[in-house]
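Open the model in your viewer and keep the selection panel at hand. The stops below say what to select next.

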Amino acid sequence: MAHEEELSTDQVDLKVTPLVGSLRRTWRDFCATSSIHGLKYTRDEDTNRIVHFVWMLISLVMFICAVVMAHTFYIDYRSNPTRMNVESDFTPVNNLYFPPVTICPDVLFNMQKSKVFLRTLELPNGAHLNGILRKLHIFYGFMLDDERYSNEDIEQMESVLSLNNLTIQQFVEHLRWDCDEILYRCRFNGQIQDCSELFQLSKTFFGHCCSFNLRQRGLNFTAQRVIGGPKQGISVIVRYKDDSYDPEQSYSYGVKLLIQETDAFPSAHAAANFIAFNTEVFAAVRPQETFCSGAVKALSVQERNCVFRNEFKLRYFSEHVYPNCELNCRVTNMVKFCGCHTYFFDFNRTTDRICTFRDIPCLVDNFANIITRKRSTQCYCPLTCEHLDYDVQISDFPLQLNMPVVDDFYSGLEKNDGVLHVFINSFSYRRLRHDLLSNMVTLVSNLGSAFSLFVGMSMLSVVEIIYYFSVILHKNYLMECQARRKMVHKGPKFARPKANESRSTQQKSVFIIHKS
């Protein structure tokens, strides 16, 4: 549309300011030429004011709808900018470390060894050896809240430590199991090996256990790689080397099997299973890896909603994986409510006091707070961006002692032995890629589609709006001011009528028509 270079006097409305007049003129010109749908009908000269109002209302509603949809796109982009994609279902498993395998005796201490050690100690007055042995179950108070313990038992056990100048850690060192007292024979990837070359004594939430391929402070990480298939993996014959072991008195007839990430502290967060004696158990493990693309790594922690291991420091554990964070919260609550933490969480990373027998009532009374059952005691534990998950399928069969076999691994089996096989059940595994759900290009595209759908706007329409309400508005304002100045200089175009002339114009005129 062409714009007048000069306004005539009848185009100027002296009742409004020059700015308002120029705004009206600019809006009328914009509606007539704009590519935005519906605006031209709001200033259509061939229709009345009602039609103008209806079209203005329709345009406003459509614009509000476009803004709401654009806001929805933006909120989705900000709140959940990532997604999971299957990178591959056929990644070779030999890229992975063999998952850590931890075997925990279901009985905390070797009773035969404990009896020998207690004989060397000075016992409190009135205490006897068998009584102290029966009171060793008080150690479960460091882990569970299943039982309340009498002050008499607690003080008697505390007296054993003080009379012999022992710490709780030193006392446990003489009672715990060694790996050669649990594991009779081991085989890895088809080769029989000394169990001491594969398994090491580790600290777990269930006390001292034997772990294979676990990365923990104080252990030598063996970094064994995976070879897929049921004929590979690790096999173990479990046998308690304890003549005093009685399944009925100990309420135990097997061991615990824990499988978790390499850097995770063995606990109830692991894939846990009970391996009963007199059975042969096959644990088929299927790993699944989650990793991040470069675009996700470039996002902030708030945008990706997860952290990498070096981005979130833990007080009691060196590596941040989600199970460690949960346990770190538990230890923090122990120190908060009882002023100490249990001996199996001692990695010499802090100077916090180690709990003794006198702290057991506090640990039991505050167990719900310690394990974060209450929301007020829960901690912030962000998800880890990259991690490995293990799906463990267990199959067990009665152990056949008299069945002839050619495998030397099965030679010398005895009653009450347990045989465990842990293997990767495939030659490949699934990798999940943590990738961007949408980037800035996708967001701009979604915003453009919303405004295009409802009001027909595009980026060119935005430029058009800026052009009209800057350049054209300025031009119209100058024209408005110029026209007003000319009207002031020229004065009124017609003289004011005289009073008698005005009265005469109010008189009626009479016309006489003569017939010819």
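By class, nine nonpolar, five polar and seven charged residues line the second largest pocket. Ala, Val, Leu, Ile, Met, Phe, Trp, Tyr, Cys and Pro count as nonpolar, Asp, Glu, Lys and Arg as charged, and the others, Gly among them, as polar. A pocket is an open set of points on a 1 Å grid over the protein atoms alone, where a 1.4 Å probe fits, with protein on both sides within 12 Å along at least five of seven lines; lining residues have an atom within 4 Å of a point.

This is a predicted model: local features need pLDDT of at least 70, side-chain atom pairs pLDDT 80 or more, while totals for chains, interfaces and linings use all residues. Residues are numbered from 1 along each chain as its sequence is written, and side-chain values use heavy atoms, without hydrogens and water.

Select Tyr 97, Glu 261, Glu 289, Arg 309 and Leu 388: of the 21 lining residues, these lie nearest the pocket's centre. Then colour β10 (279-292) and β11 (387-398), which each supply at least two lining residues. Strands are DSSP runs of E, at least two residues; helices are runs of H or I, at least four.

Next, select α3 (residues 111-119) and α6 (residues 168-175). They pack at about 125 degrees, axes 8 Å apart. Show Lys 113, Ser 114, Phe 117 and Leu 118 of α3 against Phe 171, His 174 and Leu 175 of α6; they make the contact (heavy atoms within 4.5 Å).

Last, select Cys 186 and Cys 195, a disulfide with sulfur atoms 2.0 Å apart (cut-off: within 2.5 Å).

Definitions and conventions:
Axes fitted to C-alpha atoms, helices over the stretch in contact; angles between N-to-C directions.
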